[in-house]
Amino acid sequence: MQPRETMRDLPRIVQPFLTWVTGVPLAGSKPRVLWRPTLALIAGVVQTAVGVAIGVAGLSLPVYAAVPLVVLSWPVTAGGMRRLDVVVVHQTLHKMFTRSTTGNRIVSEIITTVLWRPPFDGNRQEHLVHHAFPCSLRDGDTLYLRDTGARPNMTKSEFRSYMVRALFSPRHHWGFFSGRVKANFSPSTPPYRLVMSLVWLAATVGLLVATGWWWQWLLLWFVPVTFFFHNQTLLYTLSEHRWWLFDNAERLTKAQRDQLTFGRFCGEPAPRVEDAGALRRVAAWTGWWLRMTLVYAPYRTCILVGDTVQHDLHHVRPKCDWANSSWVRNEDLATGDADRYFEAWGGLLTHVYVGNSVQDWEADRSTALSATKAGG
């Protein structure tokens, strides 16, 4: 049975949470809230603000309370920034955030200026190359991962060692950061964007001079927008595709291209312990809920944000209703297109292992769903 369907008998009140954290609705269900692109934008802004607010609250407390709150604020803030970048900006590059070409550009330029990300035209051109030649040596994301030391067919031990090195590599962070600075402040930066970047820089410096909040800004904005943003981007990208599946070939069949992406679903089947003793049932369900809330939910909040769970749908049907992609993908699985989809259930390590062809880790072909009516 598909893992999400094992949760069907749980109370209706928890089904929206389970749909969000897993990235998969129950077969035949309809969304209780129809998402719009603007809600995705608001969610990114709110999460970023909440992350900063957690850190601000922490700074007013004694050290023993301040440290854990500030540490918590970093990945939450960076996760909100990533939501703005990998969800909202990504859809503007496909001209799918607003109906207006100008609107897509404006939204993209504002967000990428604030987050020190590349301007619209260059960003869009590079991303369209990624779609045309995914996982090839013409794909900038492939080259980025190769530069961090990623390679296929590593053992789990080798891959974990690689990840630790990459996450704390000064070369990785300096390359990422310097690229962002060049994109916003170099002679090749479009004039209008250079003005935007200089105005944002001046406004930031002016605010810090007026308030004296230098170390607060460094701690609560600069740290998450650099170190954590870089690392959460790396961890996300490692599982975005099955990078080495076809040896970085440029020309692939449609069936091969479909295999390059997979649904990165979070969680595990609900416990089946009906015949066990009371103590064992309590232990099984307690452990399961702890993993869903303390392992998988933070992963969804900070790294695998928004519609990125169904990144395979984006490559199969880039013009779909991406804001409600969980239900769109389920509809495809219920109407005969299941053979185009693959998936892997678990958490971060499962997904990065599958994405990098770590020994003995593969994605499974998705199974067709029956359109059983259900809530959640």
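How many residues in the lining of the largest pocket are nonpolar, polar and charged? That was my starting point today, working from a predicted model.

**Entry 1: the pocket**

I sorted the lining of the largest pocket by class and got nine nonpolar, 11 polar and 11 charged residues. The lining has 31 residues, and Arg 117, Asn 123, Glu 126, Asp 141 and Phe 176 sit nearest the centre of the pocket. Its computed volume came out at about 860 Å³.

Helix α8 gives the most, with eight residues.

**Entry 2: α3 against α10**

Helix α3 covers residues 63–93 and α10 covers residues 214–238; their axes are 8 Å apart, at an angle of about 65 degrees. The crossing of α3 past α10 is right-handed.

Then I listed the contacts. On the α3 side I noted, among others, Val 70, Trp 74, Pro 75, Met 81, Arg 82, Asp 85 and Val 86. On the α10 side the list includes Leu 219, Trp 221, Pro 224, Phe 228, Phe 229, Gln 232 and Tyr 236. By class, I count 15 nonpolar, five polar and two charged residues in this contact.

**Entry 3: the cavity**

I wrote down its lining: Asp 307, Gln 310, Leu 313, His 314, Arg 317, Pro 318, Cys 320, Trp 322 and Ser 325. That makes four nonpolar, three polar and two charged residues.

**Entry 4: Asp 337**

Where does Asp 337 sit? I traced Asp 337 to the loop between α14 (325–334) and β2 (342–346). Is Asp 337 buried, partly exposed or exposed? I put Asp 337 down as partly exposed, because its relative accessibility is 33%, and that class runs between the 20% limit for buried and the 50% limit for exposed.

I also checked Asp 337 against Phe 17, which is 320 residues away along the chain. Their C-alpha atoms are 27 Å apart.

Note on methods: Residues are numbered from 1 along each chain as its sequence is written. This is a predicted model: local features need pLDDT of at least 70, side-chain atom pairs count only at pLDDT 80 or more; totals for chains, interfaces and linings use all residues. Side-chain values use heavy atoms; hydrogens and water are left out. On a 1 Å grid over the protein atoms alone, a cavity is a set of points where a 1.4 Å probe fits but cannot get out, and a pocket is an open set with protein on both sides within 12 Å along at least five of seven lines; lining residues have an atom within 4 Å of a point. Ala, Val, Leu, Ile, Met, Phe, Trp, Tyr, Cys and Pro count as nonpolar, Asp, Glu, Lys and Arg as charged, and the others, Gly among them, as polar. Helices (H or I, at least four residues) and strands (E, at least two) are DSSP runs, numbered from the N terminus. Buried means under 20% relative accessible area, exposed over 50%, partly exposed in between (1.4 Å probe, protein chains only). Axes are lines fitted to C-alpha atoms, for helices over the stretch in contact, and angles run from 0 to 180 degrees between N-to-C directions. A crossing is left-handed if the near helix is turned anticlockwise from the far one by less than a right angle, and right-handed if clockwise. Contact means heavy atoms within 4.5 Å. Grid points are joined across faces, edges and corners, and a volume is the space filled by probe spheres set on the points.
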